[in-house]
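Dear colleague,

I am passing on a structure that you have not worked with before.

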2 protein chains.
Amino acid sequence: MTKAKVAINGYGTIGKRVADAVMLQDDMEIIGIAKTRPNFETVMAQDKGYPVYTLADRVGSMEEAGIEVAGTVEEMVEAADVVVDCTPGKVGVTNKELYEKAGIKAIWQGGEAHELAGCSFNAETNYEEALGKDFVRVVSCNTTGLCRVLSPLNNEFGVKKARITLMRRSADPNDIKHGPINAIVPNPIKLPSHHGPDVKTVIPGIDVATTAVKLPTTLMHLHTINLELEKECTAEDVESILAEQSRVRFVGQGITSTAEIMELAKDLGRPRGDMWENCVWNESITMYEGELYFFQAIHQESDVIPENVDAIRAMMELESDGQKSIAETNAKMGI
Amino acid sequence: MTKAKVAINGYGTIGKRVADAVMLQDDMEIIGIAKTRPNFETVMAQDKGYPVYTLADRVGSMEEAGIEVAGTVEEMVEAADVVVDCTPGKVGVTNKELYEKAGIKAIWQGGEAHELAGCSFNAETNYEEALGKDFVRVVSCNTTGLCRVLSPLNNEFGVKKARITLMRRSADPNDIKHGPINAIVPNPIKLPSHHGPDVKTVIPGIDVATTAVKLPTTLMHLHTINLELEKECTAEDVESILAEQSRVRFVGQGITSTAEIMELAKDLGRPRGDMWENCVWNESITMYEGELYFFQAIHQESDVIPENVDAIRAMMELESDGQKSIAETNAKMGI
């Protein structure tokens, strides 16, 4: 079988993780990564054997820094079947023309608007919608985390109304520019937040209202989820549906915070200490006055990584069955 | 008029603030404060002229540290009309016998159970219930903050269902023992949290479900409030009801976080930088799909202080009209 040729445009938090996850699969390979600056991540990419591409006007500075440049971004794109655009939010949109000109498929991340790709993706929810598509957007870490639980619960019990408070980490662990250090930031102040509408790009018609704050933490997001369901059910019914989800992990056993979840990921030997699954405290799953409540934590740096792999597989029609793609991705990554 | 004689048992975060607020009033005065250890707060109390009392077995260590001891806690209690118990949570309960024996009135804080006093107090909600009472509990900072908005909105529009996420500061600014430093802690994991039932001790029969987390911040709590109301109304209607509340302050004008609220309090010249009012982002007040949403921040160290003053006034029957007491307390404190 010829492997799908995957290029990574933007080799930061998401890009480097997608590259490594792609290389673990049998049906796809990395043909190059693009980076604009010769930092430690660029050196690491080269050391791993990923051909390093850059912008035409950056070749000189890359070579001066000792990076062997494989070519320009345009050349990388020409050589690929599909590019995963992991450039910063709102930058990816400027690359669309390049991809269209080269006639290759492209995946954007959740920082871009739904309209850019026309297809917003979560493997468990709408894999089949992405089959053969040229352009797909893998939704953000928070939206991915929400779709993974809302979609199966909606299918099983019908979600009449979802009310969710998103408590967001305000910077990634490697980020020294952003805050707050010691404050709670309602963001946006104007309610509701954009996360609800973003969920609707994947699960059309679901009634979901979200509020969000930014917090002085770098580790994970945390969601408080309140659902009114159409069908009567117990907390145990909900727990057994969530238990069936391969990308939902129950936490307990002394795990009382996002910090202990990150410790667990390291103890599991996960690359970069990543936690690809939603972490739901199954003890928190409660029916109270007829409504469902639970807490889940989301690792912002890594939960979208398996979703990107599945998106590639769907767009390249390497597998027509979403559940089979999810199982394959999980098996190769070790989920 | 003879002033009500007030003793403060426990001179920490809350006790020292209540003492200062009482001294600003015309109808009550501090006759002593009790402290178990000779730390900087004890020295400050003495410097301010508050007679310092202590436990019988601590007199020696106090005097060794240069504190002039006015007498034992028993003697302080004998000399008072009402004691405000500001000892740490679950310690106050052990003092009840002492107060009963001395035949004086006592106020506990929200760390104690409702049953200890039998009357849980929020001035705006149930001042009249505390008139002449011997024992009253001023509810916690979070419950006080919730009662201040739920009570008037319930009176005006009827609260059909309240769903609230409490994002709690996990330590006070002077606290070097507690965490987390960099994590989100769902607490309690088992839902719903105890805050809802605590609100019901002040507003009986209200339907309120709360979830809570602890956060790596010391400044203030933040509440996401979602209400279903009985009567149809607009965001503007809600805003005008909240605007009438003397202990609710609207924030905006570049205030995007709890940190900026604390800066405002300092700029206002407030003692210790305290913010006695609920801080509601009026821009956040939204009706969305028929439900009300808004954000408010609560200064955990100080929002209960004016409530303690009003509780004294009610219990001592210095004023029978709650609104008049609130106005008097506010005027003297500068709210």
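Predicted model: local features only at pLDDT ≥ 70, side-chain atom pairs only at ≥ 80, totals over all residues.

The interface between the chains

The contact between the two chains involves 48 residues of chain A and 48 residues of chain B, and together the chains bury about 3,900 Å², of which 63% is on carbon and sulfur atoms. On the side of chain A, the residues that lose the most area to chain B are A:Ile184, A:Ile189 and A:Leu191, which together account for 17% of what that side buries.

Between chain A and chain B there are six salt bridges, one of them joining A:Arg163 to B:Glu228, with the closest N and O atoms 3.5 Å apart. There are also 17 residue pairs in polar contact between chain A and chain B, counting pairs with both residues at pLDDT 80 or more. Several elements of chain A supply at least two residues each to the side that touches chain B, including β9 (159-169), β12 (221-229) and α11 (258-267), while the largest share, six residues, comes from β11(A). Sorted by class, that side of chain A has 26 nonpolar, 13 polar and nine charged residues.

The side chain of A:Thr211 makes a polar contact of 3.4 Å with that of A:Thr165, and, leaving aside neighbours within four places in sequence, the residues in contact with A:Thr211 include A:Leu191 from its own chain and B:Thr224, B:Tyr293 and B:Phe295 from chain B.

Aromatic pairs

Over all chains, the count comes to eight aromatic pairs. In one of them, the rings of A:Tyr11 and A:Tyr50 have centres 6.2 Å apart and planes at 70°, so the pair is edge-to-face. These two residues are 39 residues apart, with A:Tyr11 in the loop between β1 (4-9) and α1 (13-23) of chain A and A:Tyr50 in the loop between α2 (40-48) and β3 (52-54) of chain A. A:Tyr11 counts as buried at 3% relative accessibility, and A:Tyr50 is buried as well, at 7%.

In chain B, the pair of B:Trp108 and B:Phe135 is tilted, with 5.3 Å from centre to centre and 50° between the planes. B:Trp108 lies in strand β6 and B:Phe135 in strand β8 of chain B, so the pair ties together parts 27 residues apart in sequence. In chain A, ring pairs link A:Tyr99, A:Trp108 and A:Phe135 into a cluster.

Salt bridges

The structure holds 50 salt bridges over all chains. Among them, A:Arg137 and A:Asp198 meet at 2.6 Å, N to O, and this pair links strand β8 with helix α9 of chain A across 61 residues. A:Arg137 is buried, with a relative accessible area of 3%, and A:Asp198 counts as buried at 11%.

A:Arg313 and A:Asp310 also form a salt bridge, at 3.8 Å between the closest N and O atoms, and both lie in helix α12 of chain A, about one turn of the helix apart. Both residues belong to a network of salt bridges that also links A:Asp27, A:Arg148, A:Arg247 and A:Glu307.

With best wishes

Conventions:
Residues numbered from 1 in each chain as written. Chains lettered and ligands numbered in written order. Heavy atoms only, no water. Contact = heavy atoms within 4.5 Å. Buried area = accessible area lost by both parts, 1.4 Å probe. Salt bridge = Lys/Arg side-chain N within 4 Å of Asp/Glu carboxyl O. Polar contact = N/O pair within 3.5 Å; in protein donor to acceptor, adjacent residues only side chain to side chain. Helix = DSSP H or I, 4+ residues; strand = E, 2+ residues; numbered from the N terminus. Nonpolar A, V, L, I, M, F, W, Y, C, P; charged D, E, K, R; others polar. Phe/Tyr/Trp six-rings, centres within 6.5 Å; stacked < 30°, edge-to-face > 60°. Buried < 20%, exposed > 50% of the residue type's maximum accessible area, 1.4 Å probe, protein only.
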